Amino acid sequence: MGDVPYEIERKFLLAAPDGAVLDGLATSVSHIEQTYLRNDDGQAERVRRRTVRRPGADGETVTLTHTRKVGVSKGVVEEYERELDEAEYGELLQRSDADRVPVVKTRWVVRHDGRDWEVDHLVSPRDLWLMEVELPAADDVEAELEVPPWAHGVREVTGDDAYSNKNLALPPSD
């Protein structure tokens, strides 16, 4: 697909997994806060603060990023991402989208069937469990996948706008 930075992934809604199982299998656990920004082109643009801890490692690492995503097709987006320093992060936060609230979640990365599965527990603005897996090619968006055995109540939501992070940042209407 050329030099364009594509992100190809599938996304699944799931029932709350056993936290002890996730902790035992995880190659990393992150606390993530992502804030969507106002822009004039309607694309998803965000800043993210990610605090990562890895089993057996001392301490945590914090990464600040700025990301723009442009939808291409179901499960495929162009993704432009760069790291930020605290000053740039603060400047970009000034463009926070007033219609959206920060998405706060914990992410476990779990290896299964030769792939890294990202399991997200969103705690704000709603309580929700999602799981994503990145794929090497757009053709894989329709391929059979072996879902991890600890994942229950799994329903695929790839391409469902209701489960895009940008839309999950909208305050619940209930």
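Mentor: A polar contact is a pair of N or O atoms within 3.5 Å; within protein, one must be able to donate a hydrogen and the other to accept it, and residues adjacent in sequence count only if both atoms are side-chain atoms. This is a predicted model, in which local features need pLDDT of at least 70 and side-chain atom pairs pLDDT 80 or more, while totals for chains, interfaces and linings use all residues. Residues are numbered from 1 along each chain as its sequence is written, and side-chain values use heavy atoms, without hydrogens and water.

Trainee: With which side chain does the side chain of Arg48 make a polar contact?

Mentor: Arg48 lies in strand β3, a strand being a DSSP run of E of at least two residues, numbered from the N terminus. At 2.5 Å, the polar contact of its side chain is with the side chain of Gln34.

Trainee: Which side chain of opposite charge is nearest to Arg48?

Mentor: Arg48 is buried, that is, under 20% relative accessible area with a 1.4 Å probe and protein chains only. Arg48 has no salt bridge, which would need a side-chain nitrogen of Lys or Arg within 4 Å of a carboxyl oxygen of Asp or Glu. Lys and Arg count as positive and Asp and Glu as negative, with His and the chain ends not counted. The nearest side chain of opposite charge is 5.2 Å away and belongs to Glu81.

Trainee: Why does Val52 count as buried?

Mentor: Val52 also lies in strand β3. Its C-alpha atom is separated by 6.7 Å from that of Ser28, 24 residues apart along the chain. Val52 counts as buried because its relative accessibility is 8%.

Notes:
Helices (H or I, at least four residues) and strands (E, at least two) are DSSP runs, numbered from the N terminus. Buried means under 20% relative accessible area, exposed over 50%, partly exposed in between (1.4 Å probe, protein chains only).
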